[in-house]
Amino acid sequence: MRVVVAGGGVAGLYFTSQLLRLVPSASVYLVDPKPVHEFAIGIPIAIAGLVDFHNLLYPFERLKRITYVKATAAAVENRCIRTREGPPRLCGDYVVLAPGGLKLGSVEYWTVRGAEELLQEARRAGAIRFVVNELTPVTGFQEIAYSLKARFPEKEVSIHIVYIGDDYKFLLEPWREQASKIGIVINEEPPPPKRPGELHLSVPVLRPHPLATQLEVDPVTFETQFDRVFLIGDSSLVKLGLPPIGWGALWQASTLARALAQEATAGVFEVDAADWIAAGDRERFLRWLTYRMTAGTPLAHLKGLYDLWIGSVIRPLSGE
Ligand SMILES: Cc1cc2nc3c(=O)[nH]c(=O)nc-3n(C[C@H](O)[C@H](O)[C@H](O)COP(=O)(O)OP(=O)(O)OC[C@H]3O[C@@H](n4cnc5c(N)ncnc54)[C@H](O)[C@@H]3O)c2cc1C
């Protein structure tokens, strides 16, 4: 069984680790233009000082159980991808696209380098204000606000939700109470006029990745209109009308890995329909999807998630 995975972020690596656990003989070719995996979900704990930023980066070359191909997937056809600067065509029995979402904006808090720069700016600022004015903003701003307040309790930290999609309201709601307990102000008003020494951050928008714009996604199997080509992760979730969160990426990655493993071992491709499709209860599904992300104290949860990621995904893929 040969699988080409485009994108080694949360969705791509989790899919790969689950597939290799179920089908140890599978050959996985992981295509990513960056030489390192970045664990975006861990950025808030690095900002809070619970881990070093460099601990969130892991070189793909050290993942001994896969073949890393340093290239940008540029197009998809049949069971192959075309790459921009690597081998012209990479084909497999299956192609799994997991390129994340396209993020547009002036503040880059989803990369380790961008988050380190943001921390430096925040050190110098007296107040830090996040301004949300997008239907589908890049998630993570609320965890970053939380980390900054935890690290610099003396600074004013506020979130101004001028405009946002309903699913994000849903996501933010259970989190509000925790945030206000540590002194973060959240309101639906534009921020006050910027005073000297304040940092105002316009939260970027997330759109489907260019590789995914023309793709259709089946809500049960995540298969695209191309036979045995699948789309998972942030772009897939947005296309399915779900919020682009890591928990959703993990759900899709494990569902798909189980289905492909079953086809490889028993010759049957079968996917358990998720609740929202089976019962038509989208609200309940969203609640399930977002519960672990939003309930409780985010930083403590995220540190636990980071330890799990290293122990259950990175180490096994490294052959340790
Ligand atoms: C600061 C922050 C905190 C967050 N906290 C949480 C949280 O607490 N809980 C939660 O559930 N979610 C959280 N999220 C959201 C979560 O990180 C994302 O939903 C998740 O990373 C999406 O996974 P992904 O694999 O789709 O994309 P990514 O993790 O962004 O990975 C995409 C990968 O694809 C590669 N790539 C891009 N283009 C190409 C191409 N053309 N060819 C090949 N490879 C390509 C990229 O280099 C990258 O390695 C947070 C996000 C941020 C920014």
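This report describes the fold of one predicted chain, from its overall form down to single residues.

## The model and its numbering

Residues are numbered from 1 along each chain, in the order in which the sequence is written. Since the model is predicted, local features are given only at pLDDT of at least 70 and side-chain atom pairs count only at pLDDT 80 or more, while totals for chains, interfaces and linings use all residues.

## Overall form

The chain contains 10 helices and 16 strands, where helices (H or I, at least four residues) and strands (E, at least two) are DSSP runs numbered from the N terminus. Along its principal axes, the C-alpha trace spans about 60 × 45 × 30 Å. The radius of gyration of the chain is 20 Å, which agrees with the value near 20 Å that a compact globule of 320 residues would have; this radius is taken over C-alpha atoms, and the globule rule is 2.2 Å times the number of residues to the power 0.38.

Of the 320 residues, 45% are buried. A residue is called buried if 20 or more other C-beta atoms lie within 10 Å of its own, exposed if 12 or fewer do, and partly exposed in between, with the C-beta atoms placed from the backbone. Among contacts between residues at least 6 apart in sequence, 73% join residues at least 24 apart, a contact being a pair of residues whose C-beta atoms, placed from the backbone, lie within 7 Å.

The chain is divided into domain 1 (2–104 + 206–317) and domain 2 (112–205), with bounds that come from an automatic or database domain assignment. The centres of the two domains, taken over C-alpha atoms, are separated by 27 Å, and the contact between them takes 27 residues from domain 1 and 25 residues from domain 2.

On the side of domain 1 that touches domain 2, at least two residues each come from helix H2 (43–47), strand S10 (101–104), strand S15 (205–208), helix H9 (282–294) and helix H10 (298–317), and H2 gives the most, with 4 residues. By class, this side of domain 1 has 20 nonpolar, 4 polar and 3 charged residues; here Ala, Val, Leu, Ile, Met, Phe, Trp, Tyr, Cys and Pro count as nonpolar, Asp, Glu, Lys and Arg as charged, and the others, Gly among them, as polar.

## Strands S10 and S15

S10 and S15 pair in the antiparallel sense over 4 bridges, and two strands are said to pair if DSSP finds at least two bridges between them. Within this pair, lysine 103 stands opposite leucine 206 in S15.

In a regular strand the side chains alternate between the two faces of the sheet.

Helix H4 (residues 141–151) is largely enclosed by the rest of the structure, because 10 of its 11 residues are buried; among them are Phe141, Glu143, Tyr146 and Lys149.

Helix H7 (residues 246–266) has 21 residues and reaches 30 Å from its first C-alpha to its last, close to the expected 30 Å, a span found as 1.5 Å times one less than the number of residues. Its buried residues include Gly246, Trp251, Gln252 and Leu260. Just after H7, glycine 267 takes a positive phi of about 75°.

## Selected residues

Valine 69, found in strand S5 (residues 67–69), counts as buried because it has 20 C-beta neighbours inside 10 Å. Leaving aside residues up to four places away in sequence, valine 69 touches Tyr29, Leu30, Val31, Gly86, Pro87 and Leu90. Valine 69 and alanine 6 are 63 residues apart in sequence and 9.4 Å apart in space, C-alpha to C-alpha. Lysine 34 lies in the loop between strand S2 (27–31) and strand S3 (36–38) and is partly exposed, with 15 other C-beta atoms within 10 Å.

Most residues other than glycine have a negative phi. Phenylalanine 222, however, has a positive phi of about 65° although it is not a glycine, and phi of arginine 228 is near 60°, again a positive value. Phenylalanine 222 is in the loop between S15 and strand S16 (229–231), and arginine 228 is likewise placed between S15 and S16. Phenylalanine 222 is buried, with 24 other C-beta atoms within 10 Å, whereas arginine 228 counts as partly exposed, with 17 C-beta neighbours inside 10 Å.

How values were computed
Contact = placed C-beta atoms within 7 Å.
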